[in-house]
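Biologist: Could you take a close look at one part of this model for me? I would like to hear about an aromatic pair and how its surroundings compare with the charged contacts.

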Amino acid sequence: MKKAPGEEPNEALTVTPPKEWAAGVPAVVHALEYSLDETSARRAGETLLTMNQVDGIDCPGCAWADPAPGRRHRNEYCENGAKHINDEATSRRVTADFFRTHPVSDLARRSDGWLNQQGRLTEPMVKRPGSDFYEPISWNDAFGLMAEELTSLDSPDEAVFYTSGRAGNEAAFVLQLFARALGTNNLPDCSNMCHESSGYALHETLGTGKGTVSLHDLHHADLIFLVGQNPGSNHPRQLSALEQAKLNGARIIAVNPLPEAGLRRFKNPQKPRGVIGQGIQIADRFLHIRNGGDLALFQGINRLLLEAEDARPGEVLDHDFIRTDTTGFEEFAEHVRGVGWSDILAATGLTREEIEHVRDEVLRSERVVVCWAMGITQHKHAVPTIREIVNFLLLRGNVGRAGTGACPVRGHSNVQGDRTMGIWEQMPDSFLDALRQEFGFDPPRAHGLDSVNAIKAMREGRVRFFLGLAGNFVRAAPDSTVTEEAVRTCRLTAHISTKLNRSHTVCGETALILPTLGRTERDVQASGEQFVTVENSMSEVHTSRGRLRPASALLLSEVAILSRLARRTLDGTADIPWERFEADYGTIRDRIARVVPGLHDYNRRVARPGGIQLANPVNEGVYSNAVGRALFTRNAAEVLRAPEGHLLLQTLRSHDQWNTVPYTSDDRYRGILGSRRVVLVHPDDVAELGLTAGQNVDLVSVWTDDVQRRVEDFRVVPYPTARGCAAAYYPETNLLVPLESVAEKSNQPTYKEIVVRLEPASPRADGSRG
């Protein structure tokens with residue numbers, strides 16, 4: 001149950017059996033209840049009826065693609081999307097009076113949900129050195145503080161500019177332009193923590209960091225893999241696409257340590273069978289895999305396919321495709337044939353028979369799509385795992401054809417668009433050359449800091465200035481205590497935000513809160529009303545136009561904040577029309593059109609219904625990697641083994657949660673109600689570890705350093721997760737992820753691969769547990 005803004009949630013745990021299906025009428029009821037609790041029926045209706053519509057408001061939640069114009073439902077949103085948009089459209093306000101009664105030390109003790117529930121930020125605030133309170137500051141003085149700090153740096157590389165996927169393309173382009181004109185490539189983003197591994201693996205093997213699949217491909221695939229993802233909670237509109245695929249005859253294999261409701265059955269609340277009927281079965285086969293066993297699974301499938309080709313030469317593999325479009329096949333085949341079945345079965349926790357059944361499904365399918373999310377990317381061996389998935393697709397020519405391909409499912413609205421706009425610490429020289437030609441300055445070439453390395457640099461005193469554009473950096477990052485201590489070493493921290501979050505309570509010597517317009521709000525500048533553009537997971541770029549009156553007359557847009565800061569800081573040192581950018585976002589898009597490939601004639605094309613479909617060179621038989629062909633790779637598999645008495649923990653989010661912000665303490669689909677401080681453990685492991693259901697335990701992560709990382713007072717919940725594995729919610733358990741525990745190559749934190757032990761919680765001095 002959601003509490004009023006002044007209340008913290010009661011931690012009264014109730015456990016019910018996990019749900020067997022997702023969505024249905026309860027989803028509609030919960031969405032409306034939350035929306036009407038946040039704002040009026042009129043405002044909720046205005047946001048919901050324009051959400052994901054042509055010329056409407058793009059959902060600030062996940063990045064799932066919209067159906068083509070003319071094929072969209074009047075209610076083109078899911079339960080969580082409705083909550084996301086009306087959480088932003090809330091009628092609650094945070095004013096200067098709030099900060100007078102709530103010092104930073106008090107806010108730091110509050111829960112993530114409580115901070116979010118206070119409402120929209122309404123005016124710029126500053127915490128000055130030595131103070132425990134935020135106080136009002138004028139925009140002019142706020143820009144002056146930031147500009148003074150930036151111009152006093154010994155090097156531009158002492159500044160870090162972070163962004164999340166909530167930012168639109170125009171703000172993202174302006175941010176990276178400002179950072180590079182200042183002289184740094186320190187542009188970490190939320191992709192560093194969610195899909196960086198996908199980008200590395202796909203660039204290396206296919207020459208693109210993006211997926212190769214459209215909604216049409218998904219609808220017309222014969223076989224779809226859902227690997228390491230939970231669409232019922234994290235991107236529910238994908239379930240509608242999967243429903244269509246099932247109606248067209250597709251079969252679906254779900255691969256996950258937990259049997260999520262959205263992987264079982266979907267009751268589409270927009271159709272009669274989802275309201276009064278049984279809905280539609282999603283997964284035809286469910287593989288109850290161990291954490292991190294996906295690399296071994298696809299190696300086992302690939303070995304079986306090679307052996308099937310041996311038995312029926314010329315009937316299994318696509319030899320024409322392998323010959324004309326790929327390289328490295330012989331080395332890959334020799335390697336994968338040598339992977340032992342004992343290692344495959346130990347790593348996956350599956351039987352050989354289960355994997356052979358998957359092979360049989362593949363052999364009867366002409367068109368295959370593999371979808372994956374953070375259950376794949378947040379492991380030490382994430383990049384090799386995705387490369388092995390690509391090997392699997394290449395064997396039977398399942399890239400570049402209709403109904404086939406690789407589909408990394410992004411979990412945040414415009415995270416892919418941010419990267420297209422240049423938000424990356426390692427942008428290629430071709431992009432930097434285009435910036436130089438367009439704006440007349442020479443961008444820095446040395447690679448900048450990603451999220452993990454930015455934290456390390458702060459900890460070492462090499463970063464003095466941190467600016468966050470949207471997001472909740474402190475709470476999203478790993479090793480929470482280390483991250484917070486690192487951020488506090490900065491001279492100045494500033495956050496461009498719509499609502500309070502934990503990052504506002506972890507302050508540099510000086511800290512600024514810069515309140516901005518939300519995606520739901522009308523953005524009127526000197527040239528008139530503006531729109532922004534965003535890019536979804538399937539490389540479609542389209543408009544988003546706010547409808548509501550801004551929460552405060554003192555709010556500035558993200559573009560305005562960044563443009564004014566750039567003007568104050570750079571003071572004419574680069575020939576960039578910051579003032580015109582703020583006045584008319586079309587002038588930004590004109591410049592984007594001349595810098596970013598595929599976005600020529602941007603203003604005209606994006607205004608068309610449905611926007612712009614960016615070309616994917618893979619689908620044209622072009623592979624822009626080092627070898628100019630699709631690359632087969634050899635990937636060393638490692639069996640993840642927790643020491644005796646330990647488990648492999650994955651962090652995950654609840655159903656009623658958006659990124660780092662839980663809206664309530666409930667996880668309806670998993671049957672966890674009233675508390676988030678739970679650890680889900682297989683019943684046999686509960687017994688083997690000498691624990692009992694409902695017991696209070698501390699979770700202690702095991703790493704190579706001498707630091708004890710412990711989260712206290714979690715309740716043990718027996719749950720059908722894979723044997724030897726456990727699960728708990730983030731961000732509460734991000735503290736357990738060592739900063740140095742990252743994926744090979746991508747440097748992405750390993751939130752899904754933490755060795756932990758469960759210790760009985762010790763009584764406190766007051767007699768309570770924890």
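Modeller: Happy to! Phe329 has a relative accessibility of 14%, so Phe329 counts as buried, the limit being under 20%. Please keep in mind that this is a predicted model. Phe332 comes out at 1% relative accessibility and therefore also counts as buried. Both residues belong to helix α17 (residues 329-337), where they sit three residues apart, about one turn of the helix. Across the whole structure, the search gives 19 aromatic pairs. In the pair of Phe329 and Phe332, the ring centres are 6.3 Å apart and the planes meet at 50 degrees, so the pair is tilted. Elsewhere, ring pairs join Phe161, Phe178, Phe465, Trp578 and Phe581 into a cluster.

Now for the charged contacts. The search of the whole structure finds 67 salt bridges. One of them is between Lys83 and Glu79, with the closest N and O atoms 2.7 Å apart. Lys83 and Glu79 share helix α3 (residues 79-88) and are four residues apart, about one turn of the helix. Both of these residues are buried. Lys83 also forms a salt bridge with Asp656, where the closest N and O atoms are 2.6 Å apart. That pair links distant parts of the chain, 573 residues apart: Lys83 is in helix α3, while Asp656 is in the loop between β25 (647-652) and β26 (657-658). Asp656 is buried, with a relative accessible area of 9%, and Lys83 is buried at 1%.

Notes. Residues are numbered from 1 along each chain as its sequence is written. This is a predicted model: local features need pLDDT of at least 70, side-chain atom pairs count only at pLDDT 80 or more; totals for chains, interfaces and linings use all residues. Side-chain values use heavy atoms; hydrogens and water are left out. Rings of Phe, Tyr and Trp (its six-membered ring) pair if their centres lie within 6.5 Å; planes under 30 degrees apart count as stacked, over 60 as edge-to-face and the rest as tilted. Helices (H or I, at least four residues) and strands (E, at least two) are DSSP runs, numbered from the N terminus. Buried means under 20% relative accessible area, exposed over 50%, partly exposed in between (1.4 Å probe, protein chains only). A salt bridge is a side-chain nitrogen of Lys or Arg within 4 Å of a carboxyl oxygen of Asp or Glu.
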